[in-house]
Amino acid sequence: QVFAPDIVPIFVVLFTIASFNSSLKESVSFQTSHTVVSPTQMKEKQVPVIYFLPGLTRNHETAALQGNTQRFLSDRGIMMVYTDTSPRNVCVNEGVTSELYGPGAGMYVDAANEKWKMHYSMFSYITTDLVAFVEENFNVTDRKSLIGHSMGGHGALLCAIKSHVLFASVSVFGSLCSISKSSVSAEAMTHYFGEDKNAWKDWDVNELVQDCDKPLNILISQGGQDEYLIPDDRLYVEEFVQRSKDVENINVQYNIHNEYGHGYFFLSTFIQQHIDYHEHHLKKK
């Protein structure tokens, strides 16, 4: 338990739960860490939750330390759960040296290939196990939202669009939006699903958004100097925005910040806008 003076207590929670893999219809146990920012209002009443999904190679500590989130959450009485990006203590990770798959690069999907499917089921873990654990063990309401950065942006959009869970809102920074086209995700998707890119499309939000049949409020912040856009587009954000416009029940707000790049300086500068956006939707009757 670490206290940030005059802001809010930060709890680092380490626990082991069963991670449900929807393709296997069975549970797999692995240990994962989460940072939880809990506002003082939780002592007196239930509060809503924002889940923060970090990007490639990051973990549950990155945004908690670099994202400038705590004081905005405390002022608004919102809890934030910072997730990890992959299982950490499983044998399949042994010997993996690439940053593009394995530890820190779970892509927030449920892998299908034999070597990976027993543990790499981050989509089901986030939407089933983690949400249930938080709602059973913390003084929170059933109102929840998602924030994601980079690979975590795709994860946040994927969880909101593909899962059975109803999220009040989702927001992303510098989001990867096509894991079936981007070179950033190609190595991981080949390991998790094989060479058939049609299988990849089942987890690609640019493909899934057109068939989304539930209401979604989405805020996208994109840096104009993002190194994943220049010289070649590896994010496909514009494609997601255009496809979303054709879906009646999806409301997308797209903001381009011309002087900003991809990293946490960008995120920490505009995180208040995102938390305000979620507060509006989380506390809506």
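Buried, as the word is used in these legends, means under 20% relative accessible area. The structure shown is a predicted model.

**View 1. Helix α9 and the elements around its buried residues.** Helix α9 spans residues 237–244, and its buried residues are Val237, Glu239, Phe240, Val241 and Ser244. These buried residues of α9 pack against helix α5, helix α8 (205–208), strand β8 (216–223) and strand β9 (250–257). One of them, Phe240, is also listed among the residues with the most contacts inside the largest nonpolar core.

**View 2. The nonpolar cores.** The largest nonpolar core comprises 63 residues. Within this core, the residues with the most contacts are Tyr51, Leu146, Tyr192 and Phe240. Another core, of 20 residues, lies apart from the largest one; its members include Leu73, Ile147, Phe173 and Ile275.

**View 3. Tyr51 in strand β4.** Tyr51 belongs to strand β4, which runs over residues 47–53. Its relative accessible area is 1%, and Tyr51 is therefore buried, the limit being under 20%. When residues up to four places away in sequence are not counted, Tyr51 touches Val81, Leu130, Val131, Val134, Lys144, Ser145, Leu146, Ile147 and Phe167. Leu130, one of these partners, is 79 residues from Tyr51 in sequence, while the two C-alpha atoms are 9.7 Å apart in space.

**View 4. The packing of helices α4 and α5.** Two packed helices are described by the angle between their axes and the distance between the axes. For helix α4 (residues 122–137) and helix α5 (residues 151–162), the angle is about 60° and the axes are 11 Å apart. The helices α4 and α5 are therefore oblique to each other, and their crossing is right-handed. Helix α4 contributes Phe123, Ile126 and Thr127 to the contact, and helix α5 contributes Leu158, Cys159 and Lys162. By class, four of the residues in this contact are nonpolar, one is polar and one is charged.

**View 5. Phe265 in helix α10.** Phe265 is located in helix α10, which covers residues 264–282. Phe265 counts as exposed because its relative accessibility is 75%, and exposed means over 50%. Phe265 and Asn68 are separated by 197 residues in sequence, yet their C-alpha atoms are 9.6 Å apart in space.

Technical notes:
Residues numbered from 1 in each chain as written. Predicted model: local features only at pLDDT ≥ 70, side-chain atom pairs only at ≥ 80, totals over all residues. Heavy atoms only, no water. Axes fitted to C-alpha atoms, helices over the stretch in contact; angles between N-to-C directions. Helix = DSSP H or I, 4+ residues; strand = E, 2+ residues; numbered from the N terminus. Parallel < 35°, antiparallel > 145°, perpendicular 65-115°, else oblique. Left-handed = near helix turned anticlockwise from the far one by under 90°. Contact = heavy atoms within 4.5 Å. Nonpolar A, V, L, I, M, F, W, Y, C, P; charged D, E, K, R; others polar. Core = buried A, V, L, I, M, F, W, Y, C linked by side-chain atoms within 4.5 Å. Buried < 20%, exposed > 50% of the residue type's maximum accessible area, 1.4 Å probe, protein only.
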